[in-house]
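Please read the following report alongside the sequence and the structure.

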Amino acid sequence: MHTLQTKHLTKHFDTVKAITDLSISFEPGKITGVIGPNGSGKSTFINTLTGLTPITSGSIGVAEKVELTSIVSNDMPVYGITRTFQEVRLFEQMSVLDNILVVTTCRGWFKSIFEKHSAYHLAIAEKVLKRVGIWQFHNKLAVNLSYGQRKLLEIARVLAMSEIGKAQVIFFDEPYAGLFPEMVKLVSEIMKELRSEGKTVILVEHNMDLIRELSDKVIVLDSGTLLAEGNANHVLSRKDVVEAYLGE
Amino acid sequence: MESIVPQLMANSIIAGGIYALVALGFNLIYGATKFFNLTHGVIAAIGGYTVFYITKKNDSLASFFNQSIGGTVFAVLIGVLCAALVGYLLDKFLYKKLRDRKASPMVFLVASLGAFTCLQAFLAILFTSQFQTLGGGAGDIVTYTIFGGIITEVQAIVIVSVVVIMLVLGIFLKKSLFGKSVEAISDDEHVAKIVGIHTEKIISIVFVIGSAIAGLAGILVGYDTGLEPTMGMGLLLKGVIASIIGGIGNVYGGVLGAFLLGFVENFGIWKISGEWKDAIAFGLLIVFLIVRPQGILKR
Ligand SMILES: Nc1ncnc2c1ncn2[C@@H]1O[C@H](COP(=O)(O)OP(=O)(O)OP(=O)(O)O)[C@@H](O)[C@H]1O
Ligand SMILES: [Mg+2]
C-alpha cells in the first residue's frame, strides 16, 4: 500500500532542470531517506509535492485513488500531507503557543469569529511543545527563539497536525541541520515514534549516520534524477552513489 | 483676540478621525493580503454615494429614509453594507483570481488601479462630477463647543466611531481565533494554508470588514463636507500615509498615525496657505520613510 506516489514528476525552472521524470512511492510506517548532493533537487521535490511550486509535468497520487497534476497548498491538510522547511518558516509575530494553537483549533472560519481555543486544544499544544522541550518558552514570540528552538517549534507544529489527524505523510527537510547532539537524539526519537504510529515519513538529510540509523529505504537524487533506490546499507555502498556525493 | 489654537485642535482631531477610519480598513486588508489596495478609496466613495442615492437622489426612497433619525441610521447602515459588498465582490472576482495565479505585487497594483478607475468612472456617470452633500441645510447643524473649539454633530460621530471601531477591532483581532488566523496569514500565507487555516474565507471576511469601515468613512465625509466621485484617491492616500507613519499592519498604529497626520497638517498651515496641506502630509511621510520606516508602532 502506498500513501503517496509520483509518476514522471518533472519540475523545470526556465533552464534549470530541478526534477526530471521522478517516479517514486512512499509507504506508511516507513522512513524514506532522501539524499543527494547540494542542488540535486531534494527541496524542490518536496516543494512540488506540497503546493509551494507548481509541477511542470507528471502527476502525484495521493490516498490511493486520487491522481493530481497540480496540488495547491490548501489541499495538503485535506490529503494529510505536511512538512517542515529547510529554512524554518514560523508565524514570526505570534507566540510559541499561538503558533501551535492556530493549527490545532482552526476548523470552520465562521466559528473562528466567535470561538477561542478550548481546553482540549490547549492540552494538545502543551503536549507537543513539551515533547520537543520548548514549553517553557510558550509565551515568547517565535521571532525571538534561538535557531535550534525554531527548528523544534516547526517539528512541534508537525506533531500538532498529526494529533488532530491532518498528517499521514510528513516531509522533513533537513530537520537536524544545526542542532545540538541532545536535540538530534530527541528528533530521532520523534521520527521513530511517527514511524511506529504508521506515518509515512520522508527525511531529507545529509548526515549518513542518521540516514543509516533511521531509513527503511533510501532514495538518491542526482541533478534531479533518481540515481538509486533501496536498502540504506546497500545503496550507500554503491560506487556511483559515493561518486555523486564526492564529486559535488 | 481669541486664540485660534482650540479650533485648530478641533480641526486636527476631525481630520485625524476621518484618516483613521480609512487607515483602519486599509491596514486590516493590507495585513492579511500584503498588497496596496487602491480600490479601498473608491469603496469609501461608494458608501457615501449609496447614502446619497437613497436619501437624496431617489425621491420615493428619500421620503422613506428621511422620515426620522432612525431612517437616517438605516440609510447609513445600507451604505456601509453596500461598501462591504463591493469589497467582497472585488476580492472574489479579482484579487482572489490573482492570488490563485500567484500574481506579482505589480499586477495587483495595476489591477486595483484599473478597478479603482472603473468604479470612479461609474460614480461620475451615475451621479455627475458635481459636489454633493449628504446633510441638510447649514441652518440645522448642531454644534458642540469643546475646549473653545467648535465641532459639529457629524464630527462628534466621526470621533466616537473611530474610538469604538478601533477598540472593537483591536480586541477582536487580539482575542478571537479569527484574529489569530489573520495574524498567521499575515506572517506566512503559505504556511497558514498548509496547516489548514481557511485563508480564502478569512481574507474574504477581512475585505468585508475593511470595506465596511471604508464605507462608513465615505458616508461621514459626505455628511461632514460632501461627496465627489474623485474623493477616493485623496482619502486613500491620507489613510495610507497614516498607516505607514503609524506602523503598517497595526490597528492602533494606523489610528495614531492618522491623528498625528491630522495635527501636523492643520497646525502646519497655521500661518501659511491651506494649499500646503498635501505637501506637508507627504513631507511627513517622506521623513518617516527615511527616519523610521517601520512606523511609530511596529506590528
Ligand atoms: N525558485 C527557483 N527558481 C529557480 N531555480 C531554482 C528554484 N528553486 C530551486 N532552484 C534550483 O533547482 C535546483 C535544485 O535545488 P534544491 O533546493 O531543490 O536542491 P537541494 O537538493 O534541496 O539542495 P540542498 O542540499 O542544498 O538543500 C538548484 O539548481 C536550484 O538552484
Ligand atoms: Mg534543500
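## The interface of chain A and chain B

Between them, chain A and chain B bury about 2,500 Å², 66% of it on carbon and sulfur atoms, where buried area is the accessible area (1.4 Å probe) that two parts lose on being put together, summed over both. This is a predicted model, in which local features need pLDDT of at least 70 and side-chain atom pairs count only at pLDDT 80 or more, while totals for chains, interfaces and linings use all residues; side-chain values use heavy atoms, with hydrogens and water left out. Residues are numbered from 1 along each chain as its sequence is written, and chains are lettered from A and ligands numbered from 1 in the order in which they are written.

In contact, meaning with heavy atoms within 4.5 Å, are 29 residues of chain A and 26 residues of chain B. The rule finds 2 salt bridges across this interface, a salt bridge being a side-chain nitrogen of Lys or Arg within 4 Å of a carboxyl oxygen of Asp or Glu. B:K180 and A:D98 meet through their side chains in a salt bridge, at 3.4 Å from N to O. On the side of chain A that touches chain B, two or more residues each come from α2 (75–79), α3 (96–105), α4 (109–114) and α6 (147–163) of chain A, and α3(A) gives the most, with 4 residues; helices (H or I, at least four residues) and strands (E, at least two) are DSSP runs, numbered from the N terminus.

## The magnesium site

A:S43 (OG) and A:Q86 (OE1) coordinate the magnesium ion (ligand 2) at 2.0 Å; donors are N, O and S atoms within 2.8 Å of the metal (3.2 Å for Na, K and Ca), and water is not among the atoms, so sites may look incomplete. Because A:S43 lies in helix α1 (residues 42–49) of chain A and A:Q86 in the loop between β7 (81–83) and α3 of chain A, the pair ties together parts that are 43 residues apart in sequence.

## Salt bridges within chain A

Over all chains, the count by this rule comes to 19 salt bridges. One of them joins the side chains of A:E163 and A:K127 (2.8 Å, N to O), linking helix α6 of chain A with helix α5 (residues 119–131) of chain A across 36 residues.

Another joins A:K217 and A:E229 (3.2 Å, N to O), which lie 12 residues apart, A:K217 in strand β10 of chain A and A:E229 in strand β11 (residues 225–230) of chain A. A:K217 counts as buried at 14% relative accessibility, whereas A:E229 counts as partly exposed at 36%; buried means under 20% relative accessible area, exposed over 50%, and partly exposed in between (1.4 Å probe, protein chains only).
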